Amino acid sequence: MINKKFQKNWLKILNYNSNIELGDKFKLVDDKVRIPLTPIEVNPYLLYYLFETLYPKFINSQQNILDIIISDDGKKIIKSYLYKTKKAGIHESIEIFPHDIIKVHKKDFEDIERFYDRILGGLIKKKGARVSSIRVFKEKAITYINQHCIDIEDLPFDMLLLKFLDLIQKLVKQDLFVLYPEPKIFRFLKDIINFLNGYQLNSLFKIFYPLLPEFNISIIFGSQELIIILHLQKIFVSKSETPYLRLKLMLPNELDINLDGLNENEIIGLVRERLQTDNTYFINQRDVISLLTELINLPVNIREENLLLILQKILFAYRSFEKHWFLRPKPIIYNNLLRFLLRIIGFNLNLRKLSHWAIPDLISNLFESWFGLNSKILLIISDTEKYKKLNLNNFNYLEKVTDYMLLFEIENKTLVKINSIAKEDLFTNGEIGSLESIRDKLSEKYGFLSSIIIIDKLLLQNLIKHFVFEHSEYAPISKIRTLKMLKKQKFFYIFPELPLYKLIQKKGTIALLKLVLPILIDKHEF
Amino acid sequence: MKEQSDIKNTEVAIVKGDTPKETVLKGIEILGGIHKFIEEGDQVFIKFNLCLPTGFPTNTNFDVLESLIASCKKAGASKIYAGSFPFKGISIDTISNLLNLKDYFSNIGAELVFIDNSNVFKEKNFKKDQLNEIKNKSFSMVTINEKEYLVPKIITESDKFIIVNQVNVNPLFKLNLSLLNSYSIVSPKYQEIGSNENLDNDYISYDQYKNDLISNILDVFTIKQPNLVINDFFYLLESAGPYIYRDSNLKKTGIAVIGNNAVSVDLITLKLLNIDIQDYDLILAANQRGLGIIDPQKINLLGEKIEDNNIIIDLCVSKLKDINLKNLLVNSGRFCSGCYKQAYHLLNFMKTYMTKDLKYNPNNAFLVGQNPLEPEHFKNILLFGDCAIKSTKNSNFRKIEKILKKNTANQKKSKKLKKSGSQKKEKIKVKTNKKILELPGCPPDILDCLELLIKYYGKKNLPNLSFYKKILETIVNPKEKENLRVMGVI
């Protein structure tokens, strides 16, 4: 029933897991297994460790799981499998579960709690066993999973992600898969899909992915138990027209690195040398898990204050260089002499004193003041690079260059809805004339449109490249050049022209930086 | 010019809906439809909240305005104007440019009226007498109770007058209701209340500022009484308002109150929001002047019932110290409502926009009113208002004592010889405390206060305020301010 390759790989995982006894430390084998539903091959122990660490945190912390496959109409059970687990999440044996123990009613899929109780009762009575969670799949879910698994081995990671997001959206949207007790991560995923209001997850990825520059980085996730290395690249593979995303997960000994007695910086140095990456980061697994946990605990209709809290935490982590994270090559921006020289000419650029509390405050104040507590904002992502000659005197050029249009609805500082606006709905007769007419048209359908923000792909690409990927590089010219793009209507425009936008237009980039930097960077520690 | 509303036939509708637009339209229908208020060929003036070039709910909900304008058009109005005087020092032209309102109103079939003539004087450099001529053409002077008010002719000459009021909390009157809204048909200059120059104790005891203000509001209200009044609190700004501050919260009630008499509409709004009318002086005074009735029994109530809609909201803090700013202690003496209102806005501004500045400059004491409690061991003392400045002229904090230790023997010699036991004498020197910032005015002007704060602390020590000041400079243009002054607007 299930895809053969998937099944084979799954049984291999179970086999490996069953050979590990509680208390076993590090059991490396020469073999490789694939992470289920992906082509990523890893050492079985790495997968074991990931399940051991992540499953209890994000899915369920109790033992034994029952998988049930039911017919699409929900009337009968087709197959059920019992996984007895010594440790939560470590699937090690599979047992076909007799049908007569469970009787299925049509409404079980809707009232999963009662269904679970009945299963639990039957199981205790007839087998003397308990299950901590059930996973119910409709037959169609298996069909989708099988379709997903076809030829995924040769897919680049970006294509795989597209397929994977599509699979998740189908499973959730069509109610093909239920987990009980429902983990927060699953609820979060469901909420995101419902929140997107029919907009595809993979469409969001399609917007975001081209904005990323080419990169070749590795991230070391450190912990006392096991260090994991992630190698991530976006590169052009021979003769390809588009860059591919590649992802590898490995253990240090796969790179012939013996960790004994090495500190973080030495580990980074060795990993960078072996993988030949541009940058290598070292982050603690604990910190990543804690951030993810907080993220999934948030409601998807995210309130501004929650968002700012998360931003505050990220900024705090960012300023904790060589405390919470490490990077090699060590950025020159942390050089004291350079900082001293910059300070002499009026720039206090100490990233270790990034004002993690004042930046979210500034963003929130500017946003609330100018857009209000209730607002509807249209974001237009344009691609002016496609057209060399554009007449910027009127906004008719938008019809040609608009790539994506998203309408954000905010109610009492909470993002409540995102609507995707089709190009043909807005540019029907070819003439736009003014942005007011766009506002007028959309206000009819969605209510008063507070603002239209037009941002060009090139500007986004540059911002991501110079301020995210090269965040701590000392490259003033490219960074200032990117900021200067904010002053050009072709790359960035806010309608109506809010005071902040006017200030950006009016003030020189360096003067603006001098004005804003004292807010972004703390004068002294508190 | 004065029109007396027909208070005997007061009708008020309480409406609930899914959207603000739908709610207001439903309310008008319940009252008998728009034709009851607007006749074919009428010139209509819609007075709405136009305070600052910021987002909702500082100004009226534009969805509500749009549906109302569409209704007026449907009823056959020949011309629909919309307008209001904004916050002191900001021109309508600036707000219109920043929110693109002129085009917006034109697209929905109305005209935004630049009642301060800011659209005229931005085009050309006018001489003073030319500006005066424009002023005389567009305004008329109305005298009520021996007080003069400069009123835009377009309002007095309109056949129908509608108030669309966004209900937000207000530090002085608890809520911004339609009576208060109608006050901004006269310019900020004519909204100002005379100051307490002689520091008269009675001025504060009897809260003369508030009494004068109420009297003026009601005077202005009688100039042109509205035919239709809408109190929109589908969304209501609570906790801190009526502008958006850090502590502000938007409450969704889904309700609007609509009627043909402003006093009654305000009264029912207060009832719905559980505010005792005895606490709302403006309504009581309006009733005394015969501008409306305060007995709900005498109002023809339509739509929802009051008792079915019990809405609890958080009002503005009643004590300034409850605004609760970090590194700033607030000591209040006896103050009038004028200083309270301005101090409330300044403190909320500081809390919202100056967090880093307050962190960089610890130990501040903010003294307001007559004879405030003396602060002890504070680095910076801010004296807000003429009362605080004058009444603390002889306070202890004005002087600082410095203890000087002086050697009787020659200091240099003693250092060289390291003689022990050289006699020391303590000397106390009294100096003027220079760490005091006076924010004058009765009551002080917020924008002037911000300027003085920057001067006192220095730009480097106020990164937040220096940044926001640059933003404010894009809104407040000195030349425009001068023109507004000549025009009699500020």
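Student: Is Tyr55(A) buried or exposed?
Tutor: This is a predicted model, in which local features need pLDDT of at least 70, side-chain atom pairs count only at pLDDT 80 or more, and totals for chains, interfaces and linings use all residues. Buried means under 20% relative accessible area, exposed means over 50%, and partly exposed is in between, using a 1.4 Å probe and protein chains only. Tyr55(A) has a relative accessible area of 8%, so it is buried.

Student: And how does Phe51(A) count?
Tutor: Residues are numbered from 1 along each chain as its sequence is written, chains are lettered from A and ligands numbered from 1 in the order in which they are written, and side-chain values use heavy atoms, with hydrogens and water left out. Phe51(A) sits at 22% relative accessibility, so it counts as partly exposed.

Student: Which helix holds both Phe51(A) and Tyr55(A)?
Tutor: Helices (H or I, at least four residues) and strands (E, at least two) are DSSP runs, numbered from the N terminus. Phe51(A) and Tyr55(A) are four residues apart, about one turn of the helix. The helix, residues 44–58 of chain A, is H2.

Student: What kind of aromatic pair do Phe51(A) and Tyr55(A) form?
Tutor: Rings of Phe, Tyr and Trp (its six-membered ring) pair if their centres lie within 6.5 Å; planes under 30 degrees apart count as stacked, over 60 as edge-to-face and the rest as tilted. Over all chains, the structure holds 39 aromatic pairs. In the pair of Phe51(A) and Tyr55(A), the centres are 6.3 Å apart and the planes 20 degrees apart, and the pair is stacked.

Student: Phe85(B) and Phe139(B) pair up too; how many residues apart in sequence are the parts they tie together?
Tutor: Their ring centres are 6.5 Å apart with the planes at 15 degrees, so this pair is stacked. Phe85(B) is buried at 3% relative accessibility, and Phe139(B) is buried at 5%. Phe85(B) lies in the loop between strand S3 (79–83) and helix H3 (92–99) of chain B, while Phe139(B) lies in strand S5 (residues 139–144) of chain B, so the parts tied together are apart in sequence by 54 residues.

Student: How are H5(A) and H6(A) oriented to each other?
Tutor: Two packed helices are described by the angle between their axes and the distance between the axes. Axes are lines fitted to C-alpha atoms, for helices over the stretch in contact, and angles run from 0 to 180 degrees between N-to-C directions. Helix H5 (residues 157–173) and helix H6 (residues 184–195) of chain A have axes that come within 10 Å and cross at roughly 90 degrees. Under 35 degrees counts as roughly parallel, over 145 as roughly antiparallel, 65 to 115 as roughly perpendicular and the rest as oblique, so H5(A) and H6(A) are roughly perpendicular.

Student: What about H12(A) and H19(B), how are they oriented?
Tutor: Helix H12 (residues 358–371) of chain A and helix H19 (residues 463–475) of chain B have axes 13 Å apart and pack at an angle of about 20 degrees. H12(A) and H19(B) are therefore roughly parallel.

Student: How many nonpolar residues does the contact of H12(A) with H19(B) have?
Tutor: Contact means heavy atoms within 4.5 Å. Leu362(A), Asn365(A), Leu366(A) and Trp370(A) meet Phe467(B), Tyr468(B), Ile471(B) and Ile475(B). Ala, Val, Leu, Ile, Met, Phe, Trp, Tyr, Cys and Pro count as nonpolar, Asp, Glu, Lys and Arg as charged, and the others, Gly among them, as polar. By class, there is one polar residue, no charged residue, and the nonpolar ones number seven.

Student: Which residues of chain B is Leu515(A) in contact with?
Tutor: Leu515(A) lies in helix H19 (residues 509–520) of chain A and is buried at 12%. Leaving aside neighbours within four places in sequence, Leu515(A) is in contact with Leu503(A) and Lys507(A), and in chain B with Ser466(B), Phe467(B) and Lys470(B).

Student: How far apart are the C-alpha atoms of Ile217(B) and Leu282(B)?
Tutor: Ile217(B) is found in helix H11 (residues 208–223) of chain B and is buried at 0%. Among its contacts beyond four places in sequence is Leu282(B). Ile217(B) and Leu282(B) are 65 residues apart along the chain, and their C-alpha atoms are separated by 8.4 Å.
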